[in-house]
Amino acid sequence: MFFCYRGDDRRAALFVADLAAYLAPYEAAADYVLAAEWRPGSGEPTFQLTCPVAHIDKLAEVVLSWAFALSHDRYDRALRS
């Protein structure tokens with residue numbers, strides 16, 4: 001899955017760092033790679049979250065639980081995939 005963060009770079013870095021911290025305890029159950037890429041002139045960082053096909057359901061469950069756990073507008077919610 002690829003997604004972009006619309007907003008300033010500092011908030012994007014905080015967003016992906018928080019996502020990585022949330023995912024860390026689940027790495028045994030949902031083997032994954034979370035990558036961030038800032039390309040010159042793009043204006044928005046791009047993130048990639050990948051995992052083996054067998055782990056998609058567990059990873060999706062974890063990401064959804066994290067998204068619902070956000071109780072405030074710490075991030076610009078304008079994510080697009």
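The points below take up confidence, the helix pair and a charged pair.

1. This is a predicted model, in which local features need pLDDT of at least 70 and side-chain atom pairs count only at pLDDT 80 or more, while totals for chains, interfaces and linings use all residues. Residues are numbered from 1 along each chain as its sequence is written, and side-chain values use heavy atoms, with hydrogens and water left out.

2. The mean pLDDT (the predictor's confidence in each residue, from 0 to 100) is 79 for the chain, and 85% of the residues score at least 70. Confidence is highest in strand 3 (residues 46-50), at a mean of 89, and lowest in strand 4 (residues 79-80), at 48; strands are DSSP runs of E of at least two residues, and helices are runs of H or I of at least four, numbered from the N terminus. Where pLDDT is low, the predicted coordinates should not be read in detail.

3. Helix 1 (residues 9-23) and helix 2 (residues 56-69) have axes that come within 10 Å and cross at roughly 125°, the axes being lines fitted to C-alpha atoms over the stretch in contact and the angles running from 0 to 180 degrees between N-to-C directions.

4. In the contact (heavy atoms within 4.5 Å), Phe15, Asp18, Leu19, Tyr22 and Leu23 of helix 1 meet Leu59, Val62, Val63, Ser65 and Trp66 of helix 2.

5. Lys58 and Glu61 form a salt bridge at 3.3 Å, N to O (a side-chain nitrogen of Lys or Arg within 4 Å of a carboxyl oxygen of Asp or Glu). Because they lie three residues apart in helix 2, Lys58 and Glu61 are separated by about one helical turn.
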